[in-house]
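Me: I'd like a close look at one part of this model. Here it is.

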Amino acid sequence: MRSALFVDFDNVYTGLRSLSPAYADTFAANPSRWMAWLTDALQRPAGADGSAARRILVRRCYLNPVVYQRHRIGFSRAGFEIVDCPPMTKAGKTSTDIHMVLDIIDVLQASTRYDEFIVFSADADFTPVLRKLRREDRRTTIFAAGATSASYDASADLIVDLDAFIHDALGFDDEEAARETPNLESLLAQAEGLVWETVDNADQPVPLPGLTKILATRIPALPATEWAGKGTFFALLKSLPLDPLRIDREENTLLDPRRLNGHANGTTAARVVMPSGSPNKSDPRQAAQVADQLSRLIADEVAESNRPIAVARLAQLARAEFPGIEVTWLGHGSWKKLLESLRPPHVKIVWQQLAGWALDPDRHTLDLAAAGTVAHVSAADSARAAKVSRLLEAVDLPLLEPAKYRAQLEALSMALDDQPYVLTNVTKSMRDHCQRLGQPVSREQCLRLLRTLVYDGFNPEADPHGFEDLVAMTCGVIVSACDREGVPVDDADRFELLQWMTDQEAEAVE
C-alpha cells in the first residue's frame, strides 16, 4: 500500500508537549522509531488491502524554523523532506496549512497512485481536503495530539489512537498504571449495546471513524484490551451480532438498511411506516398476543446468548418480527415502557448509563465498572443525565456520576498543590484520591479529563488550579466545544452542567 505522510510539526509537538515534554522531545528526536511503528504495526484503514505492507513513499515535515530549527536533524535522518513555514504575521501565524493542502493535492494528482494519505495534525482546517481524498477513493489516516472536531474525525478512515502512539510508537511504558483485567464478554456486550444505540438514534449512516471514537470514549477498556481481544475495531465490529446492520465500504459507514437504505443512492432515508393490520393497542386481544410473542422472543434470545443482549438490539428484533410496532409500541409510546411492561421468564433488564441490557441473572454478568463505563444513573435522574450527556459528548468526556467528577477535580487541585506537574504522577494521584473518597475511577478516566483541559489551553504548571478554578475551566471547555460542534446551550444547560460537576442537587432556574 503506497502511503504519503504529511506532518504538521508545530501542531503535533505543541500538543504532545502539553501532556509531557518527554513525549514531544521523543517525537522530534527519533522519528525513525515511530515511523517503523506506522509501517509495521499500525492497522490499515477500513477498506484498504489488509495484506499489503504500508510503504511511506512521501514523507514531508512542515515546521517553523524560527522556533523549531533544532528539531530538523531528526527528521532529516529519517528521510523527510522538510518544508520551512516561517511566521507570516506579527502574531506568529505560519502558512503550514496552506503548504500542506497544496502538497496533498499535488501528490493526489501525481502519476504514481497513492492509496493512503496520512495527516499528523489536529487542525480541523484539513477537513475539506480529507473529504476530497475520500471522493477520489483514497484512504485517509489522521493523528491528532489535541482536541479535534467531530467533522474532522468523521472525514478520516482511520484515527491513530493517542495512547497507542505514546506507549507503542514513542516507547513510553507507564509501569505504575496497573491495568485491571476487564471481563471481555462484558466488554463485548457493552460494545454491542452502544453500537445498536448509536445506529438506532442516528438519522443517517454512522461514519466508522466516528463510531470508533464513540466506543473508545464511552468504553475506555476497549482500546486498552485491543478491542476486547479482537485486535482491531473493524474485527470487533464484525464479531458482534449486528444483523441486519451492514457496513457500507464505499462510504465507510454503518447503517440499518431497513431505515436508511436510500442513503446508498443519495436519496432521503425512508422510515418504516405502520402498515394496515400492524399490532397496536386499539385491538386489546391482538396487542396481548403480540406482547406474549414478544416476551417469548426476548426469552429465547437471552437463553441462546452467552452474554447480555443490548436492549437496542432487541428493539430491532421486535421491529423485524412485528413490522410497524414502533409506531405506538403497542400503545406504550416507547420501547423502554413496552419492555418494562413485559415479564419474559428468566430475564432481567439492567439500565446503566442511559442504555439497557437484557440478561439471565443466573448465567450472565455485566461488569460495567471494570470496563470503565461507570455512572449508574437512576430513573429519576435520567432526564438530567441525558441533558448533561449531550454536552459531554461534544468534548468526548464520559457520563460519570456527579460525585466522581467532583472527586476528580478536587483530586487534580490537590495533586497540583502537592507536586510538580508530571502527567503520569498527577493522574495516579487523582485516581488514588478518588478511591480514598469512595468514588473509584480509572487512571484512563483521570487522563481523559486532564488531557481535555490541557488541550484547551490549561497550563497545569502556571494557571490557577483551585477547585473552583478547575470547575470553571472544565465547564468553559465543555461549553466551548458545544459551540464549536453546533450543540445548542442555554442558561439552564450551563446551570445543570455546573451542578453536575460540583455534585449539587439540581434546582429550577428562574
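Which residues does Ser3 touch, not counting residues up to four places away in sequence?

Reply: A quick note on the ground rules: this is a predicted model, where local features need pLDDT of at least 70 and side-chain atom pairs count only at pLDDT 80 or more, while totals for chains, interfaces and linings use all residues. Numbering runs from 1 along each chain as its sequence is written, and side-chain values use heavy atoms, with hydrogens and water left out.

Now to Ser3. Beyond residues up to four places away in sequence, Ser3 touches Arg54, Arg55, Ile56, Leu57, Val58, Tyr114, Glu116 and Ile118 (contact means heavy atoms within 4.5 Å). Ser3 lies in strand β1, residues 2–8 (strands are DSSP runs of E, at least two residues; helices are runs of H or I, at least four; both are numbered from the N terminus). With 0% relative accessibility, Ser3 counts as buried (under 20% relative accessible area; exposed is over 50%, partly exposed in between, using a 1.4 Å probe and protein chains only).

Moving on to the nonpolar side of things, the largest nonpolar core has 78 residues, and Leu5, Phe27, Trp34, Phe120 and Phe165 have the most contacts inside it. Such a core is a set of buried Ala, Val, Leu, Ile, Met, Phe, Trp, Tyr and Cys residues joined through side-chain atoms within 4.5 Å. Helix α23 (residues 467–485) supplies the largest share of this core, nine residues. As for Phe27, its contacts outside four places in sequence include Val7, Phe9, Trp34 and Phe165.
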